[in-house]
Amino acid sequence: MIRSVLLGTGSALPPRRVANDDLAQSLDTSDAWIRERTGIAARRIADASTTTADLATEAAARALAAAGLAPSAIDLVVLATATPDRTFPATATRVQARLGITRGAAFDVAAVCSGFVYALTVADSLLKAGQGQRALVIGAETFSRILDWDDRSTAVLFGDGAGAVVLEARATPEGEAPRGLLAARLRADGRHEDLLYVDGGPGSTGTVGRLRMAGREVFRHAVHNLAEVTGEILAEAAIPVEAIDWLVPHQANLRIIEATARKLGLPMSRVIVTVDEHANTSAASIPLALDCAVRDGRIRQGQLCLLEAMGGGFTWGAVLLRI
Ligand code: UT7
């Protein structure tokens, strides 16, 4: 059976680190409130000249270097973002051009915070369908551009960044444990749009929008939906939770991450947490967390990772990936 095997990871963060105390200078908030309610200590914010494509290209180049591949080896660029550089073309095609890739296909996926889980699943399906041999899957965001910096209930939660992985379609050799993407489950329920959305933006409305969120409601749905989808994917794949080496969750709020791990029965020692330093980077959060843990040696070849995310739409999903 052909599976999409992970060959390398990479990430990129803007250099400017904004601590909670920095935000408390212009907002009615405090380091204590933000840490206690979210687990966030700081976030990275892009300077005015840095776009989503810039961060995405840097992360992708690092993932290619980690995989030991030239850009010309890539057949497919799938980029998840809710903050594209332009309404069109897709940010994926900008990244493709900057990397010097002139063949194959490139497009964006819009599923907000679930974007990377969606993009990974779409890329895996295309590789399995024979649409190419290798894919770059990227999650990249500049959420700082769509925040209402006067709204303390959202401005403190998000950050900018990008993460990328290289996948290769490979047949599992006889007698070997399968590596790569083992299972995926995607969900959406568009009835909940009004709980988390941008009130305008490029496209048919012709306006520039800002992020709006009913945080407590989103929190409640996130805990429920993530418990459901992670339970379902493990049951379907017939994999016991004890077999999971690492939970690599979307990094929105430490309390949501802890609740999901608790419901799964996984100790926090087997959960990758980056929300403290990155805050919520939407589609970038999972590949950023993955890259951090691969580079610091926690996540190693042969280990089983459970990725999960939930975001605006609502959209949510989970992926089982053997590294
Ligand atoms: O990635 C996409 C998915 N997004 C999420 O998963 C986010 C989900 N939601 C959350 O993470 C949490 O709901 C928040 C972190 C957004 C808020 O935490 P909460 O425990 O749900 O707080 P709350 O919204 O119920 O607000 C509690 C109080 C309110 O004051 P009152 O009404 O009790 O007087 C807020 O006005 O905290 C106040 N508050 C703040 N205080 C200081 C809200 N934001 C802040 C702030 N600093 N930044």
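Select Val 5 and then Glu 168 in strand 7, and you will find the two standing opposite each other. Strands here are DSSP runs (E, at least two residues), helices are DSSP runs (H or I, at least four residues), and both are numbered from the N terminus. What you have open is a predicted model, in which local features need pLDDT of at least 70 and side-chain atom pairs count only at pLDDT 80 or more, while totals for chains, interfaces and linings use all residues. Residues are numbered from 1 along each chain as its sequence is written, and side-chain values use heavy atoms, with hydrogens and water left out.

Next, select the whole of strand 1 together with strand 7 (residues 160-171), which run antiparallel and are joined by ten bridges; two strands pair if DSSP finds at least two bridges between them.

Move on to Arg 187, which stands opposite Trp 316 in strand 13. Strand 13 (residues 315-322) pairs with strand 8 in the antiparallel sense, over eight bridges. Both belong to an open sheet of four strands, in the order 8-13-12-11 and again with mixed pairing, where strand 8 (180-188) and strand 11 (246-249) are the edge strands, each pairing on one side only.

Now select the ligand, which lies between domain 1 (2-171) and domain 2 (180-322), because both give residues to the shell around it; the domain bounds come from an automatic or database domain assignment. There are 23 residues around the ligand, and Thr 29, Arg 37, Arg 216, Asn 253 and Asn 280 come nearest, where being around it means having a heavy atom within 4 Å of it.

A polar side-chain atom of Asn 280 is 2.7 Å from an oxygen atom of the ligand, and an N or O atom in the side chain of His 250 lies 2.9 Å from an oxygen atom of the ligand. At Gly 215, a backbone N or O atom is 3.0 Å from a nitrogen atom of the ligand.

Finally, colour the shell by class: eleven residues are nonpolar, seven polar and five charged. Helix 7 gives the most to this shell, with four residues.

Notes: A polar contact is a pair of N or O atoms within 3.5 Å; within protein, one must be able to donate a hydrogen and the other to accept it, and residues adjacent in sequence count only if both atoms are side-chain atoms. Ala, Val, Leu, Ile, Met, Phe, Trp, Tyr, Cys and Pro count as nonpolar, Asp, Glu, Lys and Arg as charged, and the others, Gly among them, as polar.
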